[in-house]
Amino acid sequence: MSAKILVVDDEESIRYTFQAFLEEEGYEVTTAENYAQGLERIKSCKCDLMFIDIILESRSGIDLLRSAREHCPDIQVVMITGAPSVETASEALRLGALDYIVKPIRQDNLLRATTMAIRHKHMLEERENYRSNMEAIFRSVKDGNAGRNRHPAYGRAVSARICC
């Protein structure tokens, strides 16, 4: 199954370039040109990965990152910017962005960030599946043992073996 990617950037050339590079690799790409469009697409929770520009026309990409975390905490986010600063990088990472990359972005860097983010998402999903399976196993073992301990015949059989 191909990963679904959302690119939010107010620069048409960035959206077009990202879409072309990523679709060439088999990803399904949707774009948004501003905060409002990005937020609308986030609310559907239909993507695995988002690239968000930090400086958007109307609002900050950091604000969009916050909204993404509220609506769909499982979405992987990579922040992009043409005006890097320690403050925005640290804020983005503190809010859960997986990576922070500086424009101009070369194709190999874009694809490396994409691969890393998708692998990270799959690893988290796999870990959650293992955790759920282990909880189910422990619950069934606990319920099974609890049921046997309450059964009157089980108690007598144990005491009979101990006595004889």
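Biologist: Is Arg66 buried, partly exposed or exposed in this structure?

Modeller: In this predicted model, Arg66 counts as partly exposed, because its relative accessibility is 33%, which lies between the 20% and 50% cut-offs.

Biologist: Which residues form salt bridges with Arg66?

Modeller: The general idea is that side chains of opposite charge can pair when their charged atoms come close. Here, Arg66 forms a salt bridge with Asp63, with 3.1 Å between the closest N and O atoms. Asp63 is partly exposed, at 23% relative accessibility. Arg66 also meets Glu91 in a salt bridge, at 2.7 Å from N to O. Glu91 belongs to helix H4 and Arg66 to helix H3, so this pair ties together parts that are 25 residues apart in sequence.

Biologist: Which residues are linked in a network of salt bridges, and what is the count of salt bridges?

Modeller: The network links Arg59, Asp63, Arg66, Glu91 and Arg94. The count of salt bridges comes to eleven.

Biologist: Which residues of helix H4 are buried, and why do they line one face?

Modeller: Helix H4 covers residues 86-94, and its buried residues are Thr88, Ala89 and Ala92. Seen down the axis of H4, these buried residues fall within an arc of 100°, so they line one face of the helix. They pack against helix H3 (61-71), strand E4 (76-81) and strand E5. The face turned away from the buried side carries the exposed residues Val86, Glu87 and Arg94. Gly96, which follows H4, has a positive phi near 105°.

Biologist: Which residues are joined by a cis peptide bond, and what is omega there?

Modeller: The cis peptide bond joins Lys103 and Pro104, with omega at about -5°. Pro104 is placed in the loop between strand E5 (99-102) and helix H5.

Biologist: How many disulfides does the structure hold?

Modeller: A disulfide is a covalent bond between the sulfur atoms of two cysteines. The structure holds zero disulfides. Cys47 is therefore in no disulfide: the nearest cysteine sulfur, that of Cys72, is 7.0 Å away, whereas the cut-off for a disulfide is 2.5 Å. Cys47 is buried, with a relative accessible area of 12%.

Biologist: Which residues make the nonpolar surface patch?

Modeller: Met134, Ile137, Phe138 and Val141 make a nonpolar surface patch of about 380 Å². Ile137, one of these residues, is placed in helix H5, which covers residues 107-150. Ile137 is partly exposed, with a relative accessible area of 43%.

Technical notes
Residues numbered from 1 in each chain as written. Predicted model: local features only at pLDDT ≥ 70, side-chain atom pairs only at ≥ 80, totals over all residues. Heavy atoms only, no water. Patch = residues over 30% accessible without salt bridge, like charges linked within 9 Å, V, L, I, M, F, W, Y side chains within 5 Å. Areas by Shrake-Rupley, 256 points an atom, 1.4 Å probe, with all protein chains shown as cover. Salt bridge = Lys/Arg side-chain N within 4 Å of Asp/Glu carboxyl O. Helix = DSSP H or I, 4+ residues; strand = E, 2+ residues; numbered from the N terminus. Buried < 20%, exposed > 50% of the residue type's maximum accessible area, 1.4 Å probe, protein only. Arc of directions from axis to C-beta. Contact = heavy atoms within 4.5 Å.
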